[in-house]
Amino acid sequence: MNAFWQTARHRIALAEPRVMGIVNITPDSFSDGGRHADAAAAMRHCERLLAEGAHVLDIGGESTRPGAQAPGLEEERARVLPVLRHALTLGVPVSVDTSRPELMHEALDLGADIVNDVRALQRPGALQVLAAHPAAGVCLMHMQGEPGTMQTAPVYADVVAEVAAFLASRIAAARAAGIDAWRIVVDPGYGFGKTLEHNLELARRQRELLQLDCPLLVGWSRKSALGAITGREVGERLPASVAAALAAVAAGAAIVRVHDVAATVDALRVWRALILPGGTTSFIQSRNSTG
Ligand code: HH2
């Protein structure tokens, strides 16, 4: 397993868990829709997440919450690009959360480090855009269906086997397109076309996904599965989100995608100090061990 994630301008060391801070420039995201919908607010949010200790910023202009309608290309561009330009001046790796090849292309040309695609580069042309930007990182995520309908009745015979098989096929497609292995991380897509039971099964068996030999990125932050477990509304899911991030890292995740960066960074520091006194080596060993 690679101990780093190669991205356009930065090689992200994965010897310790990394925190990706979420910047949603959307009117309708499930937990923070409208809060950073104008560019100036989103730019301030980027700076705040960095001050809180984020290692990567993930900028998105499409809400993929269950039932969401995708914006048009022009709308998504207008949301993302001004904030991306600013984020690129802040000295950290910047990811763009999009499935649109046109926007991937433009963002990578501007200098974006990573494409985070909840559709795993399945749209025509997406693989080729990444192949044409030979250092950019990519996150390939699993989703059953599309956001509009994905929570209607998701069905799996074996959720872990099916997510693993899908991710393996997308890694193979990316490799065949010429994307080097060290540029790729994968994500099981908690909450994307999965019932609570599916999410829990995936979480409990998350270590099986390490057999894909790719670093794991996971996003539990404020998601409705955490609401189902705790009975909490979306605005009250901070403790649940931090607990889920720690559990994900304990089960081998290298990167956690979160809204609440400061709390997650603190929790990870304490967890590592208490559980992994040997430091980075122990973390790598614990991540790589499938036992
Ligand atoms: N979750 C969301 C969006 N993008 N990307 C990855 N790789 N993994 C995730 O789990 C993931 C993701 C949904 O969360 P959020 O961005 O907060 O909400 P919305 O899609 O409503 O903007």
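Let me begin with a term: a residue counts as buried when its relative accessible area is under 20%, as exposed when that area is over 50%, and as partly exposed in between, using a 1.4 Å probe and protein chains only. What you see above is a predicted model, in which local features need pLDDT of at least 70 and side-chain atom pairs count only at pLDDT 80 or more, while totals for chains, interfaces and linings use all residues. Residues are numbered from 1 along each chain as its sequence is written, and side-chain values use heavy atoms, with hydrogens and water left out.

I will start with strand β7, residues 137–141, where 5 of 5 residues are buried; strands here are DSSP runs (E, at least two residues), helices are runs of H or I of at least four, and both are numbered from the N terminus. Gly-137, Cys-139 and Met-141 point one way from β7, whereas Val-138 and Leu-140 point the other way, and all are buried. Strand β6, residues 114–117, pairs with β7 in the parallel sense over 4 bridges, pairing being called when DSSP finds at least two bridges between two strands, and Asn-116 stands opposite Cys-139.

Next, the loop between β6 and α4 (126–131) holds Ala-120, whose phi is near 55 degrees, a positive value in a residue other than glycine. Most residues other than glycine have a negative phi. Ala-120 counts as buried because its relative accessibility is 0%.

Now to the ligand. Which residues come nearest to the ligand? Of the 18 residues around it, these are Ser-29, Ser-63, Thr-64, Asp-187 and Lys-223, where being near takes a heavy atom within 4 Å. A polar side-chain atom of Lys-223 lies 2.6 Å from an oxygen atom of the ligand, and an N or O atom in the side chain of Ser-63 is 2.7 Å from a ligand oxygen atom. Taken alone the ligand exposes 480 Å², and the protein buries 99% of that, with areas from the Shrake-Rupley method and a 1.4 Å probe, where for residues only the protein chains shown count as cover.

Finally, a search of the whole structure finds 1 aromatic pair. The rings of Tyr-190 and Trp-220 have centres 4.2 Å apart and planes at 20 degrees, so the pair is stacked; ring centres must lie within 6.5 Å, taking the six-membered ring of Trp, and planes under 30 degrees apart count as stacked, over 60 as edge-to-face and the rest as tilted. Tyr-190 is buried at 1% relative accessibility, and Trp-220 is buried at 9%.

Notes. Polar contact = N/O pair within 3.5 Å; in protein donor to acceptor, adjacent residues only side chain to side chain.
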